[in-house]
Amino acid sequence: MTEKSEKKTDIPAPKRTEPVYSMQQLIDGYREFGASKAVVGCALKLAGKDSTTTAEARKIIDTFRQKEVK
């Protein structure tokens with residue numbers, strides 16, 4: 001009898017990455033964030049983001065909208 005040695009390799013599953021959108025694409029999709037084009041553009045510009053994922057953009061926009069206006 002011959003035994004086959006099976007090697008088990010623990011290869012991690014590939015991580016799913018979210019697509020990255022440019023600032024203009026995010027501004028054009030302003031309805032996704034429930035904000036105006038101006039709010040989306042200003043929030044991203046002040047955060048210094050030229051491109052980002054929708055999840056990160058949503059956090060940036062929500063934080064921007066909660067800032068106190070002086």
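Thr53 has a relative accessibility of 17%, and it therefore counts as buried, a word that here means under 20% relative accessible area, with exposed meaning over 50% and partly exposed lying in between (1.4 Å probe, protein chains only). This is a predicted model, in which local features need pLDDT of at least 70 and side-chain atom pairs count only at pLDDT 80 or more, while totals for chains, interfaces and linings use all residues. Residues are numbered from 1 along each chain as its sequence is written, and side-chain values use heavy atoms, with hydrogens and water left out.

**The chain as a whole**

- The chain has three helices and two strands, and read along the sequence they follow the pattern β-α-α-β-α; helices (H or I, at least four residues) and strands (E, at least two) are DSSP runs, numbered from the N terminus.
- Of the 70 residues of the chain, 20% count as buried.
- Among the contacts with a separation of 6 or more, 53% are accounted for by residues 24 or more positions apart, where contact means heavy atoms within 4.5 Å.

**Around Thr53, Thr52 and Glu56**

- Thr53 lies in the loop between β2 and α3, and its side chain reaches the backbone nitrogen of Glu56 at 3.2 Å.
- Leaving aside neighbours within four places in sequence, Thr53 is in contact with Glu18, Pro19 and Val20.
- Thr52, found in strand β2, counts as buried because its relative accessibility is 3%.
- The side chain of Thr52 makes a polar contact of 2.8 Å with the side chain of Glu56; a polar contact is a pair of N or O atoms within 3.5 Å, of which, within protein, one must be able to donate a hydrogen and the other to accept it, and residues adjacent in sequence count only if both atoms are side-chain atoms.
- Beyond its neighbours within four places in sequence, Thr52 is in contact with Pro19, Val20, Tyr21, Leu26, Leu44 and Ala57.

**Lys49 in its loop**

- Lys49 is found in the loop between α2 and β2, and at 27% relative accessibility it counts as partly exposed.
- The side chains of Lys49 and Glu56 are joined by a polar contact of 2.9 Å.
- When neighbours within four places in sequence are set aside, Lys49 is in contact with Met23, Leu44, Glu56 and Ile60.
- Although Lys49 and Ser22 are 27 residues apart in sequence, they are 8.7 Å apart in space, C-alpha to C-alpha.

- Helix α3 (residues 54-66) has 13 residues and should span 18 Å at 1.5 Å a residue, which agrees with the 18 Å between its end C-alpha atoms; the expected span is 1.5 Å times one less than the number of residues.
- Ala57, Ile60 and Ile61 are buried in α3, and they lie on the same side of the helix because they cover an arc of only 95° around the axis, the arc being that of the directions from the helix axis to the C-beta atoms.
- The face of α3 turned away from its buried side carries the exposed residues Lys59 and Gln66.
- The cover over the buried residues of α3 includes α1 (23-28), α2 (37-47) and β2 (51-52).
- The largest nonpolar core has eleven residues, among them Ala57, Ile60 and Ile61, and α1, α2 and α3 each supply at least two residues of this core; a nonpolar core is a set of buried Ala, Val, Leu, Ile, Met, Phe, Trp, Tyr and Cys residues joined through side-chain atoms within 4.5 Å.
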